[in-house]
Each structure stands twice: as structure tokens, then as C-alpha cells.
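These are my notebook entries from a sitting with one model. I went through it contact by contact and wrote down what I looked up.

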Amino acid sequence: MNKQSVVLFFCHVLLLAGMSFSHSTCTGYWTLLQDAIGISAMHMQLLHNDRVVMFDGTDLGPSNVSFPKAKCSRIYNGRRIGFDCTTHSVEYDVATNSFRPLAIQSSMWCSSGGAVHYGALVQTGGFKAGDRTVRILKPCRGCDWEEIPMGLLTRRWYATNHILPDGSQIIVGGRNSFSYEIFPKPASFYWHLAETKSAAKAYSLPFLVQTNDGEIENNLYPFVFLHIDGSLFIFANNRAILFDYSKNRVLKAFPEIRGGNPRNYPSTGSAVMLPLDLQAKSIEVEVMICGGAPKGAHIKARNGVFVKALKTCARIKITSPNPKWLIEIMPLPRVMGDMLLLPNGNVLLINGGSFGTAGWELGRKPVLNPVLYRPNKPPGARFEMNAPSKIPRMYHSTAILLRDGRILVGGSNPHPVYNFSGALFPTELSIEAFHPSYLDPQFLALRPTILTPWSHMMLLHGQSFKVEFTVIDELDPTEVSVTMLAPPFNTHSFSMNQRLLVLGVGNVTTNIWPDLKYEVEVSAPVGSNIAPPGFYLLFVVHQCIPSEGIWIQILG
């Protein structure tokens, strides 16, 4: 049975089950990239050298990729000190579909991070001896992790990071950490521990105490987004605030989502800030949160009762003078799902289960179908079911967008160790790619190809530049836009630092000599509140079909 037949069969199954979906249901397709990369991809970050950094934790036991003895890690299992001579981090080369092991010395399990202004991955926190460690991986050939023990002011486990306008990272929350801190310290980019700790401070954040459900918590990995005025939108549990981190002051409290159900770990939903249209007279900022688990679901799951996940999404315009949540219904309930921004402005919901919560062995019934959400369609016509994977991606699964438009998917390990047999959902070491419908061969003639600028162009805020591109088919100049995306750090169903900016629409000129080419002039974002310094992916989109991206660097 070919791919199309399998997809049609699955769609008929959904129809017989009484499920509704749009006319173009079950689009897109999947390819397996690697049967096993040696680790379970619990965390992912795409770097500007087109390598993806993945890691799990050093507490899971030996992985399937060994190191020479010179790179063994010293571990403590609660009873004795031993050595682990296997890797728990790999660098995946997208172009060659290959990977190499990386060496880490402390547990990065359930940590956070982001790619900073000069392109390195700065990753923070983790488990046990790693919960105050800062780790740096530079995007260079043969480079490996550098670690700063005690680089954080307090332990950070299940925290959230976000890049700030000055290029530093704010680290918010974590288990029993009702505070935030900034790394490196403001007005300094020294990476030395002495420089980091001097004059640095962790600031109390009472909102994290107020949203904590005691033993259940329900506010770990809070959803954090940089607002266009430089403040932070922070969502935890079932409500949100607008927060001035520089003055440690709440600027606004947003209403609770109708129903009051939790959306953060372990009742894990996901969230995105919808695309920012920089051509609008007044930029609207809208946040969308989808999925999660009902109140009490986590305790019930620990007692063997698995409650159906939430089927709702909630959107709110945080720039509105009277912001309110708009509720929408997904085609499928989903917990532990991921929400990814696509280059054409749509949102992809992927991974997760439909019953239970996050946590060891607490999820049931995998959701194999991604769902596409088109935010600019009328309500009721925004969701579209996509083709299913064959591989369950439950707790500790990940997904990120690649430069060519594919979605890299990996991970799934709902166990405290590697467990490959005798489990409902064994530890998953494979990685695969989902090809959204815009990569279907029927759209090849509509897909733009960027000719200039060259990849890794450096731009200042507000700088105008021209993008030259070709299209095989006839071009519709009214259906051309230029977008740029900040590649996120993905773990535990949240993509930290993710944002998509629409730089321009239309204004296309045509050059017919010596070959038919098109040109569109746009400007880089005007300030670092909208686009913090760092590397972004730039796309030309034609009739909702994006080009392959090129890297650009916004200078601070």
C-alpha cells in the first residue's frame, strides 16, 4: 500500500468514527531519518550551521553511543559514585543526515536554553548536580560542551528561558524556584563565573507562588514571550501577567482562561505568540495556548485513571485595551503536544497523547496526527488534520522547524531510565521528518528560490535590503511575503524564544534580463524588543508556499 493509500484509509477511519475535519484533511507526509541516534531527543535546538543539538539526561543510565574512557562522566546514583562512558547529547547534521556524540559532565535533564546573539547555544540548569550549571556549545566544527558549574544563582529545573533585547537570557521559575534571574548579568557578556556572580541577583516572582497547585504544581515550564514594548508575557497554570522584569513589577493581570483548567507542566499544553505583522499601522500581539489536562487529571493518572486531555485552544490579544480569551475547539484532544510556527504564518500542533498527563507512565493513547492551524481563516475553518506518523511521541518528545521547511521530530521516553521492552511506550531513539503540505510535489512550481542575499547576511535594526528570487510558475505578486523566524529551543511541549515576523507583503518588481527574476524590498525589524539580536531564518512565501530559508544575523 503506497503513502497516499495509507493516508486515505486513515481519513476514512476518522470519518467512520464521526470526526469532522476540513476538505484537505490528512495532507503532508512522513519520512524516517534515523532508526536510532543513541539517545532520546528530549531537548532540541537548531543552530545557524544547520546542525541540531539534542540531549536527554545523564541520570537515565548508559545510552547507546559509547565514548572513549577519556570522556567518561562521573555520576552518583544515590548510593555510590560511578562512571558513564556513553553520550547523552548529539549534534545532528541535517545536510548529511548524520550525527556525532557530544560530551556533557552534568545532568541536563528537564533543562532550558536558547541560541544567543553570536550563535552559541547557552543552556541552563537541569537535575541534581546540574541544576545550577550553565553549558555553552559554539557552532563550530568539532566543538563540544563547555560547562560553568554553579553558573546560576539558584537551582533551575523545569524552568523557561527567553532571549532579552540586550541579548542576555532571562531564566524564569523551575521546581521550587519562585524567582527569575538573568544570564549573563546585565551590561556584561563575560562568561566567567566570577563575573557572572558579582552584582548578580535572583528576583522573587510571587506570581509563580500564586499559580502553584501544591504537590501537583501545574506551573512549571511557564510560557514566556517578549512583548513588543520590552515587557514579558508570562503564562502559568491557567492565567497570565504582563511583567516588567527590569523593575520586578506586574504591569497587568490577564483574565483566567474560561474553565480554569491548567495548561503547564505536568498538565502540559503548549503555546505560541502568533506572527507579528510589522507592516501593520499598529502591531497586534496575540498569544495562543492549546491543549493541556483538566483539573485533577494528574492525581488521577497517578492512581491509574487517565482523563481525556483538553480539546480547547485559547487566543488573547495582549495589545488590546480590554483583552479577552477567544476559545476554539481542536479536532482532537491533546496533552504534551508541541506548537510550531511555520514560515507561512500557520501553526502546527504535533506530538502528544489524548489521555493522562506528563510524567512517568502517565500518558495514554498517542495523537499520531499533526493538526494545522491557520490563524487568518474564519473561526470554524482554521483547523486541518494532517497525515499521521506511525511512531508514538509521548512524554519527552520534541519537534523543531528545519531550514528547508520540514519538521524534525524525535524523542519520547516516559520512563526514568532507558526502557526498550515490556513498556506500553518504549524509549524512542529514532528521529523522523514531517513534510507539511507546502512541500508536496504539486506545489513545487509555486515554491520560491532565494537568489540573494547570500546566507548569513548581517543586518542592523531598521536596515532596508532587497531579496531576489525565482518561481517556476507564474508569480502572483499580491501573494508574496517575506518572513523571518527565530529558531526555538524545544523541550516539554514549549518552544522557547520562538517568534515569526512578517517583514513585508507585495511590492514585487520584475527583472526579465538575462533571466526572469523577482525582487522585493523589505526592512529589518526596527528594534530589539521586536527582534533581539541573533540569527534568524528568512523566507519568501508565495501563495502560502515558503522558499527554503536562508540565515540572517540581526546585530545588536
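I began with glutamate 181, which counts as buried because its relative accessible area is 1%; buried means under 20%, exposed over 50%, and partly exposed in between, with a 1.4 Å probe and protein chains only. This is a predicted model, where local features need pLDDT of at least 70 and side-chain atom pairs count only at pLDDT 80 or more, while totals for chains, interfaces and linings use all residues. Residues are numbered from 1 along each chain as its sequence is written, and side-chain values use heavy atoms, with hydrogens and water left out.

**Salt bridges**

Which residue does glutamate 181 meet in a salt bridge? I found arginine 156, at 3.1 Å from N to O. The term requires a side-chain nitrogen of Lys or Arg within 4 Å of a carboxyl oxygen of Asp or Glu. Arginine 156 sits in the loop between β11 (146-148) and β12 (160-163) and glutamate 181 in strand β14 (residues 179-183), so the pair ties together parts 25 residues apart in sequence. Strands are DSSP runs (E, at least two residues), numbered from the N terminus, and helices are runs of H or I with at least four. Arginine 156 is buried too, at 1% relative accessibility.

I then looked at glutamate 146 and lysine 138, whose side chains form a salt bridge at 3.6 Å, N to O. Here glutamate 146 is partly exposed at 37%, and lysine 138 is partly exposed at 34%.

Next came arginine 374 with glutamate 384, their closest N and O atoms being 3.4 Å apart. Arginine 374 lies in the loop between β29 (371-373) and β30, and glutamate 384 in strand β30, so this pair ties together parts 10 residues apart in sequence. Arginine 374 is buried at 15%, and glutamate 384 is buried at 5%. I also noted that Asp50, Arg403 and Glu548 are joined into one network by salt bridges that share partners. My search of the whole structure gave 17 salt bridges.

**Rings**

I counted 23 aromatic pairs; rings of Phe, Tyr and Trp (its six-membered ring) pair if their centres lie within 6.5 Å, with planes under 30 degrees apart stacked, over 60 edge-to-face and the rest tilted. Phenylalanine 223 and phenylalanine 494 have ring centres 5.1 Å apart and planes at 45°, so I logged them as tilted. They link distant parts of the chain, strand β16 (residues 223-226) and strand β39 (residues 494-496), 271 residues apart.

Tryptophan 360 and tyrosine 395 are edge-to-face, because their planes stand at 75° with centres 5.8 Å apart. Tryptophan 360 is partly exposed at 29%, whereas tyrosine 395 is buried at 4%. Both belong to a cluster linked by ring pairs, whose members include Trp109, Trp157 and Tyr265.

**A sheet**

Last, I traced an open sheet of 4 strands, in the order β34-β36-β42-β41, with antiparallel pairing; two strands pair if DSSP finds at least two bridges between them. Its edge strands, β34 (449-452) and β41 (508-511), each pair on one side only. β36 (residues 464-470) and β42 (residues 517-523) share 6 bridges, and 4 bridges join β41 to β42. Within β42, valine 520 is the bridge partner of valine 467 and of valine 508.
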